[in-house]
Amino acid sequence: MYSEKVMDHFTNPRNMGELDNPSGVGTVGNAKCGDIMRIYLDIDENNVIKDCKFKTFGCGAAVATSSMATELVKGKTIEEALTVTNKAVMEALDGLPPVKVHCSLLAEEAIHAALWDYAQKNGIEIKGLTEPKKDIHEDDEEEEY
């Protein structure tokens, strides 16, 4: 059912925890399944994500997608992080079962929410970034992936 990479990121999650003084924090959830994902970013003066942590309440796929998402954005610029989509997260994990695709959507939205928080705190606009959703509805997924 799950790929080896999904199982590895679930049983050995990377970057789990909180950052003491994050540049941006994004929290999103899915009310239907109960998953909640929070991503913390530490962004330097060159707009590079120096560190990234996560806390997730949810299923194994939610933990795995959180872990992979942090790996995909760490060391990237803000602009590069914006290109990390739910498809990129799924591909990096060698796929997810269709019923767990919403977890990858949570990861994408949590990254965007953390970048939005960073932009709001610093009074800047990040090209291509729109205000993120707080709740990912499974009914909307068909159009988003």
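**Close-up 1. The right-handed crossing of helix 2 and helix 5 in a predicted model**. The crossing of helix 2 with helix 5 is right-handed, a term used where the near helix is turned clockwise from the far one by less than a right angle. Helix 2 (residues 60–73) packs against helix 5 (residues 101–122) at an angle of about 40 degrees, the axes lying 9 Å apart, which makes helix 2 oblique to helix 5 (angles under 35 degrees count as roughly parallel, over 145 as roughly antiparallel, 65 to 115 as roughly perpendicular and the rest as oblique). A61, A62, T65, A69 and V73 of helix 2 make the contact with C103, S104, A107 and I111 of helix 5, where contact means heavy atoms within 4.5 Å.

**Close-up 2. Helix 1 against helix 2**. The axes of helix 1 (residues 4–11) and helix 2 cross at roughly 90 degrees and come within 8 Å, so helix 1 is roughly perpendicular to helix 2. From helix 1, V6, H9 and F10 meet G60, V63, A64, S67, M68 and E71 of helix 2.

**Close-up 3. Surroundings of I39**. Leaving aside neighbours within four places in sequence, I39 is in contact with G24, V25, G26, C52, K53, F54, T70, A110, I111 and A114.

Residues are numbered from 1 along each chain as its sequence is written. In this predicted model local features need pLDDT of at least 70 and side-chain atom pairs count only at pLDDT 80 or more, whereas totals for chains, interfaces and linings use all residues, and side-chain values use heavy atoms, with hydrogens and water left out.

Definitions and conventions. Axes are lines fitted to C-alpha atoms, for helices over the stretch in contact, and angles run from 0 to 180 degrees between N-to-C directions. Helices (H or I, at least four residues) and strands (E, at least two) are DSSP runs, numbered from the N terminus.
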